[in-house]
Amino acid sequence: MSQKRRSERPGPSQADPMEVDEDGTLTPTSTQLQRNVERRPKSQMEAKVNELVPFLLVKDQKKIPIKRADILKHVIKDYRDVSPELLKHANQTLQQVFGMELVEIDPKSRSYILVSKLPPLERDSSNQEKHKVFVMKKLITEEFVRQKYLEYNRSSHTDPPEFEFRWGANGS
C-alpha cells in the first residue's frame, strides 16, 4: 500500500523552501524573499536597482529581448536571492522616470522588453505641419514687417498676386 507524502508547511524553526523555475533557477518563496530583502542593507538594494535600470535601457536600445539570465549574470550577480524584488523596484523606476514598463514576453525563456506607458502622440502630422507653416508665415509677414526688419510688398501686374520681401530699415 503506497502512501502519498504530504508536503508539510515549514514551522517557525524551519526555513521556507526555494522554488525551482522551469529554467532550473532557484527562486525564493514570498516569505523567504521578504526575509532576504530585510537582511540586505537598503543602500545596497538601491545601488543594485540603480545598476539594473541603465542596463535594461541599454539592452532595450538594441531592440532584442532582454534575457533574465543576462540580467542575473551581468547585474544581479550575488543578489539572486532578492532578484524578484530588484526587478520590481527597477520596473517602478522605469515607469516613474522614463514612462516605460518591463514586460515579460516569454515566460519559458524568461525574456523581457521595455514598453512605453506614455500616451501616443498625435498622428495627424498634416495639421501639425499646417499649424507650423501658419505660425511662421504670421511671424514673417506681420511681426517682422511691423518691427521694420522686412518690407512686404505686392509685385505689380501678377496674377495670382505675388509678394516680395526686402530688408527693412532695421534689417539691413
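At what angle do helix 2 and helix 3 pack, and how far apart are their axes? In this predicted model, helix 2 (residues 42-61) and helix 3 (residues 68-76) meet at an angle of about 130°, and their axes lie 10 Å apart. Angles over 145 degrees would count as roughly antiparallel, and those from 65 to 115 as roughly perpendicular. Helix 2 is therefore oblique to helix 3. The crossing of these two helices is right-handed.

Look next at the residues that make this contact. Helix 2 supplies K48, E51, L52, F55, L56 and K59. Helix 3 supplies D70, I71, H74, V75 and I76. By class, the contact of helix 2 with helix 3 holds six nonpolar residues, one polar residue and four charged ones.

Helix 2 also packs against helix 4. Here the angle is about 60°, and the axes are 9 Å apart. Helix 2 is thus oblique to helix 4. This crossing, too, is right-handed. From helix 2 come M45, K48, V49, L52, V53, L56 and L57. They meet E85, L86, L87, H89, A90, T93, L94 and F98 of helix 4. Eleven residues in the contact of helix 2 with helix 4 are nonpolar, two are polar and two are charged. Compare the residue lists.

Strands of a sheet pair through backbone hydrogen bonds, either parallel or antiparallel. Three strands form an open sheet here, in the order 3-5-4, with antiparallel pairing. Strand 3 (66-67) and strand 4 (100-106) are the edge strands. Each has a single partner strand, so one side of each is left without a neighbour in the sheet.

Strand 5 (residues 111-116) is antiparallel to strand 3, and two bridges join them. In one of these pairings, K67 has S111 of strand 5 as its bridge partner. Helix 4 (residues 83-98) packs on the sheet, where it touches strand 4 and strand 5. The direction of helix 4 makes about 130° with that of strand 4.

Strand 4 and strand 5 pair antiparallel over six bridges. M100 stands opposite S116 in strand 5, and E101 stands opposite V115 in strand 5. The two strands form a hairpin with four residues between them. In the turn, R110 has a positive phi of about 55°.

How confident is the prediction, and where is confidence lowest and highest? The protein averages a pLDDT of 79, and 76% of the residues score at least 70. Confidence is lowest in strand 1 (residues 18-20), with a mean of 46. It is highest in strand 3, at 94. Over residues 1-18 the pLDDT is below 50. In the model, that stretch has 13 contacts beyond near neighbours in sequence.

Methods
Residues numbered from 1 in each chain as written. Predicted model: local features only at pLDDT ≥ 70, side-chain atom pairs only at ≥ 80, totals over all residues. Heavy atoms only, no water. Axes fitted to C-alpha atoms, helices over the stretch in contact; angles between N-to-C directions. Parallel < 35°, antiparallel > 145°, perpendicular 65-115°, else oblique. Left-handed = near helix turned anticlockwise from the far one by under 90°. Contact = heavy atoms within 4.5 Å. Nonpolar A, V, L, I, M, F, W, Y, C, P; charged D, E, K, R; others polar. Pairing = 2+ DSSP bridges. pLDDT = per-residue confidence, 0-100.
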